[in-house]
Amino acid sequence: MSAEPRLAEVTEPEPAQEAARGADQAVKETLEDYTLRFAPRSYRRWTPMVVATTALGGIAYMADFSIGAGIGLAHGTGNALLAIAVAAVVIFVTGFPLAYYGARYNIDLDLITRGSGFGYFGSVLTSVIFASFTFIFFALEGSIMAQGLKLGLGLPLWLGYLVSTLMVIPLVIYGMTALSKLQVWTTPVWLLLMVGPLVYLVATDPGSVDRFLAYAGTDGDGGVNTASVLLGAGVCLSLIAQIGEQIDYLRFMPPKTEANKRSWWTAVVMAGPGWVVLGALKQAIGVFLAVYIIAEVGPTAAPEPIQQFKHAFDAMMPSWIVLPLAVALVVISQIKINVTNAYSGSLAWTNSFTRVTRRYPGRMVFVLVNLGFALALMEADMFSFLNGILGFYSNCAIAWVVTVATDIGVNKYVLKLSPHAPEFRRGMLYAVNPVGVVSFVAASALSIAMYFHALGDTLQPYSPVAAAVIAFVLTPLMAVVTQGRYYLRRTDDGIAEPLLDEDGNPSAVTFACHVCRQQFERPDVAACRTHDAVVCSLCLSTDKLGDHVLPAAL
């Protein structure tokens, strides 16, 4: 497709004209970055390693240092490291099938969720949860940047919040095209600034390692106990939804072939579930730096990354360069992650809004909506009650991700009750699939009740475990009970051309949508109910009267 195609004049009946008007903005694909739909092969021009580097660039966030420091200060180093490790294993295992499906079939996590147990409208619930993840973490990163701007430039926090919000707008407008360049060029600088101080401190002050390992925490005696580990893991597991942001990049992977399969798999594993390896290391570094500087700044300021790196740089460099470097690290990190948060959040909000209202206002509208929510959280000083927010949020995120991962890994490959190839088009899916929706709601509700002590103080630390276990057990159980009948509303989309090519990749054969007159690749179209023609997935989504939507199969 061209960068900004225009709709041709159509002489369709009124329902078709309505659908065409609803899709008018969405055909500007370069700006909208294939929101709501399959990413075509013609647009996916990046190599596997460029996609992976771009995806990994988004995890440069400083929140990991704060999260690790908060857990370590409360529960001690031993409990913190175990909590980080437990969470990392869960995140890696659940993230792998999601990352594979996103990269293999070139769709985002919402489209994966639709066909993996939730249904066409059922996944609106999880889209809102994912959108919430993006603005919560945007607010967290913006708060960290504002702390850096206050310390380095003397800006009041309220102004720093505003600056950190507004500066990402120009960068996020052009989606993957701009983000790939930003992430590739800033990653080496970020790595040097992050790793350099740690290596220097360990090399010049070996005693810092002993103090780090021996730190008992404010709530503990230095021993390891299950409750502390699980409470800490619950906070870390709030990051489980990060796989959604990774997939927003991985959907632009090139087709997997015999020639590129090694680099393809390396990129998918590294930039998909592999993000958590670096994330866990950053959390552990956060504990180390907090313990290192706690005597100088106290436990209140120790979780602030700007304070952590200011004192780390101070140990190895002249005083005149310390603050500029610390501020530079915080600003680079904040920009790298918050362009991703704004981008992914806009996709999630657009997905939800368009399906519910049958109107497509454009992704940029929801960039601004997401930034508005984030700015409100920052002004409410969310940083001061970070662990409480993340601990609560993690229950919903765990229930969602584990449900989808279980549907892919168990229901598709073991029980074979869920269709192997993902489906996301309106008309092909039931509105709601009880397999995913019931599993997700039950796991979320019970784990949240546990988190708020409704089932007693003893069970409270186990809420993240409950969310994962309930989702893992209920998802295949619901598939067996329903015999998989609510996955597909129909199995035939009315087009003879196969969905996949000989290598198992989505077919690149193109068809013209008779509503918007644009060319779309095979996975993105279905036959029209009322015309001898095909309709693209977005025109189906914006068809208010359902005139083009295929009927349910008998």
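Author: Let us start with F137. Leaving aside its neighbours within four places in sequence, F137 is in contact (heavy atoms within 4.5 Å) with A63, S238, L239, N338, N341 and L390. Before going on, please note that this is a predicted model, where local features need pLDDT of at least 70, side-chain atom pairs count only at pLDDT 80 or more, and totals for chains, interfaces and linings use all residues. Residues are numbered from 1 along each chain as its sequence is written, and side-chain values use heavy atoms, with hydrogens and water left out.

One of the partners of F137 is N338, which is found in helix α17; helices here are DSSP runs (H or I, at least four residues), numbered from the N terminus. N338 is buried, with a relative accessible area of 0%. On this scale, buried means under 20% relative accessible area, exposed means over 50%, and partly exposed is in between, using a 1.4 Å probe and protein chains only. Apart from neighbours within four places in sequence, N338 is in contact with F137, F138, E141, G142 and V168. N338 and I59 are 279 residues apart in sequence, and their C-alpha atoms are 9.6 Å apart in space.

F137 also has a place in the largest nonpolar core, which has 133 residues. A nonpolar core is a set of buried Ala, Val, Leu, Ile, Met, Phe, Trp, Tyr and Cys residues joined through side-chain atoms within 4.5 Å. Which residues touch the most other members of this core? They are L98, I112, F137, M253, F309 and W400. Helix α17 (residues 319-357) gives the most to this core, with 15 residues. A second, separate core has 20 residues, including M428, I495, C536 and C539.

Now for the charged side chains. Side chains of opposite charge can pair when their charged atoms come close. The structure holds nine salt bridges, each being a side-chain nitrogen of Lys or Arg within 4 Å of a carboxyl oxygen of Asp or Glu. In one of them, D64 meets K282 at 3.4 Å, N to O. This pair links distant parts of the chain, with D64 in helix α4 (residues 63-75) and K282 in helix α15 (residues 275-301), 218 residues apart. Are these two residues buried or exposed? Both D64 and K282 are buried.

R211 pairs with D205, the closest N and O atoms being 3.0 Å apart; R211 is partly exposed at 43%, and D205 is partly exposed at 24%. K261 pairs with E258, with 2.8 Å between the closest N and O atoms. Here K261 is partly exposed at 37%, while E258 counts as exposed at 61%. Salt bridges that share partners also join E423, R425, D493 and R522 into one network.

Finally, have a look at the aromatic rings. Rings of Phe, Tyr and Trp (its six-membered ring) pair if their centres lie within 6.5 Å; planes under 30 degrees apart count as stacked, over 60 as edge-to-face and the rest as tilted. By this rule there are 22 aromatic pairs. The rings of Y100 and W265 have centres 5.4 Å apart and planes at 5 degrees, so this pair is stacked. Y100 lies in helix α5 (residues 77-105) and W265 in helix α14 (residues 261-271), 165 residues apart. Y100 is buried at 17%, whereas W265 is partly exposed at 30%.

Key:
Helix = DSSP H or I, 4+ residues; strand = E, 2+ residues; numbered from the N terminus.
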